[in-house]
Amino acid sequence: MHPTPPDSTVPLSVLDAMRREFEYWYPMDMRASGKDLIPNHLTMCLYNHAAIWSDEPSKWPRSFFTNGHVMVNNEKMSKSLGNFLTLEQCINKYSSDATRFALADAGDGLDDSNFVEKIADSAILRLTKEMTWAEEMLEARKKGELRTGELNFFDQVFLNEMNTLVHEADKAYTRMTYRDAIKYSCFDFCNIRDFYRFAVSTFHQECVFKFLD
């Protein structure tokens with residue numbers, strides 16, 4: 001810890017509070033930015049940290065995440081093209097959930113992401129359909145229409161496949177590859193549910209609510 005400069009007019013209590021605040025947030029776990037900033041801002045960020053804390057590498061950034069530019073319906077997003085969308089406009093038009101869905105499906109990494117409005121539209125229908133199915137299952141449980149007790153072969157297969165997909169989705173979220181995450185947690189999840197639907201005459205309650213969880 002460096003001593004306080006003798007000519008400092010800042011009260012020691014304020015300096016201590018500033019230090020605690022700084023040390024709470026540092027080092028930064030991740031800086032996210034656009035790929036066009038790799039050769040300038042992001043590189044200089046590394047240089048600056050290495051120069052200021054040359055003897056304290058624990059203060060250096062732990063990771064960087066860079067992404068490509070944003071397109072809308074396979075065209076570069078631009079006000080001059082009239083296809084510029086703000087986050088607020090997307091939420092008002094498609095809802096926050098459908099917007100998240102389309103953004104997750106837009107792409108990952110350094111490739112330019114592509115926000116497709118048809119995906120957002122279809123997400124509204126998909127999410128509404130799933131919500132309706134969940135309500136039907138809640139009603140079926142209330143009426144005692146779901147099986148309980150011993151699990152049959154297809155019940156066990158369904159549970160095992162859900163566990164596998166949860167694991168894969170978790171890895172994708174950790175890698176911040178959201179297109180893979182939505183594939184495992186939504187598309188593949190619904191596909192195995194639909195197979196299970198045709199394989200059994202009556203759903204097992206444990207399987208249904210594991211799916212809904």
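Visitor: What is the strand order in the open sheet of three strands?

Guide: This is a predicted model. Start with the general idea. Strands of a sheet pair through backbone hydrogen bonds, either parallel or antiparallel. Here the order is β4-β3-β5, and the pairing is mixed.

Visitor: Which strands are the edge strands?

Guide: They are β4, residues 75–76, and β5, residues 113–115. Each of them pairs on one side only.

Visitor: How many bridges join β3 to β4?

Guide: Two. Strand β3 covers residues 70–72 and runs antiparallel to β4.

Visitor: Which residue in β4 stands opposite M71?

Guide: K76 does.

Visitor: Now the surface. Which residues make the nonpolar patch of about 240 Å²?

Guide: V10, V14 and M18 make that patch. Take V14 as the example. V14 sits in helix α1, which spans residues 12–25.

Visitor: Why does V14 count as partly exposed?

Guide: Check the relative accessibility against the cut-offs. Buried means under 20%, exposed means over 50%, and partly exposed falls in between. V14 has 37%, so it counts as partly exposed.

Visitor: Let us turn to D155. Where is D155 placed?

Guide: In helix α6, residues 153–175.

Visitor: What is D155 in contact with, leaving aside its neighbours within four places in sequence?

Guide: The list is R147, E150, Y196, V200, H204 and C207. Find D155 in helix α6, then look for those contacts around D155.

Definitions and conventions:
Residues are numbered from 1 along each chain as its sequence is written. This is a predicted model: local features need pLDDT of at least 70, side-chain atom pairs count only at pLDDT 80 or more; totals for chains, interfaces and linings use all residues. Side-chain values use heavy atoms; hydrogens and water are left out. Two strands pair if DSSP finds at least two bridges between them. Helices (H or I, at least four residues) and strands (E, at least two) are DSSP runs, numbered from the N terminus. Patches are made of residues with over 30% relative accessible area and no salt bridge: like charges are joined within 9 Å, nonpolar side chains (Val, Leu, Ile, Met, Phe, Trp, Tyr) within 5 Å. Accessible areas come from the Shrake-Rupley method with a 1.4 Å probe; for residues, only the protein chains shown count as cover. A salt bridge is a side-chain nitrogen of Lys or Arg within 4 Å of a carboxyl oxygen of Asp or Glu. Buried means under 20% relative accessible area, exposed over 50%, partly exposed in between (1.4 Å probe, protein chains only). Contact means heavy atoms within 4.5 Å.
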